[in-house]
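Me: I have a model open and want to go through a few local features. Can you take my questions one by one?

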Amino acid sequence: MLDVYARPESLAAAVEEAERSGLPFQALDREAALTLEPALAPATAGAVYFPHEAHCDPLQFVQAVGQEAARQGADIRTGVEARRLRLRAGRVLVETTAGVLQPETVVLAAGAWSGRLAAQVGLFLPLEGGKGYHLDLEQAADDPRIPCWLEESWAIATPLPGRLRLSGTLELAGLDLSIDPVRAQAIRRNAASGLRGVDGRRTIDIWAGLRPCTPDGLPAIGRPERVPGLVIATGHAMKGLSLAPVTGVVVAELIIGSRPSSDLAPFRPDRFRPLVPRGA
């Protein structure tokens, strides 16, 4: 990962922050940054390079996990929508477009939609959809080889198979997935200020996703006391892909009844209380 800066003072502050982080990094002046990543614009002041970071295509990651789960016996039902959760004799029932499911344990990992579903079984789980925009551009020979975060303009360029993905912004949008063309074009404009060859490139796709954000910035992971047949795993905000593996481990541990390998106390789903009591 390459954090790119257009102003020397921003670069100096970033180097100090990287030193405090304890992570392996390299501080690059303008010449070194352009040598490492020639796709950067000439106006670059420098960059901070984190050589141990990595990236992947999130869609391919999800597909690969699903394929492996199916290979090991999981029954994956695509195209089936979970409409409602209901309680019956202490068990959680899932009403879907393909009928009612009655599992022993339900894992609620529906992202920004988890709060709405949790409310149906009496749980207060405050989540806000943090909308992020993505522009997938056609691939070019001089695309960045390393994911670049243009810090001052808050635009990220990620090379993916067959395309260059530009992303940025966090719009508090509830569950609204509509596209604001002004925001989308601002991401392209911001990326063009720090990268060569972005202007005039054909756009393959423009889309938005909702990051599930909690009021305190921490995920909600665990069994709520009032509904023991439910395991909640949501609220990871912008770290969903990064935290998915460890979340999967602790969710599995909760389901089989073993002691979680990570301390889940800070992430208790029951830690939230409404400001106005229900029925008031």
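Me: Which residues point which way from S14?
Reply: Leu230, Ile232 and Thr234 point one way, and Val231 and Ala233 the other way. All are buried, meaning under 20% relative accessible area; exposed is over 50%, and partly exposed is in between (1.4 Å probe, protein chains only). Strands here are DSSP runs of E, at least two residues, and helices are runs of H or I, at least four, numbered from the N terminus.

Me: What should I know about the source?
Reply: This is a predicted model: local features need pLDDT of at least 70, side-chain atom pairs count only at pLDDT 80 or more, and totals for chains, interfaces and linings use all residues. Residues are numbered from 1 along each chain as its sequence is written, and side-chain values use heavy atoms, with hydrogens and water left out.

Me: Why is S14 called largely enclosed?
Reply: Because five of the five residues in 230-234 are buried.

Me: Which strand runs parallel to S14?
Reply: S7 (residues 106-108), joined to S14 by three bridges. Strands pair if DSSP finds at least two bridges between them. Leucine 108 stands opposite isoleucine 232.

Me: And what pairs with S14 in the antiparallel sense?
Reply: S13 (residues 220-222), over three bridges. Glycine 222 has isoleucine 232 as its bridge partner.

Me: New topic. How many disulfides are there?
Reply: Zero, across the whole structure. A disulfide is a pair of cysteine sulfur atoms within 2.5 Å.

Me: Is cysteine 213 buried or exposed?
Reply: Buried, at 14%. Its sulfur is 20 Å from the closest cysteine sulfur, in cysteine 56, again too far for a bond.

Me: Now phi. What is the value at alanine 89?
Reply: Near 55°, positive in a residue other than glycine. Most residues other than glycine have a negative phi. Alanine 89 lies in the loop between S4 (82-88) and S5 (91-96). Alanine 89 counts as exposed, at 83% relative accessibility.

Me: Where does tryptophan 154 lie?
Reply: In the loop between S9 and S10. Phi of tryptophan 154 is also near 55°. Tryptophan 154 is partly exposed, at 43%.

Me: Last one, H5. Which residues are buried there?
Reply: Ala184, Ala186, Ile187, Arg188, Ala191 and Gly194.
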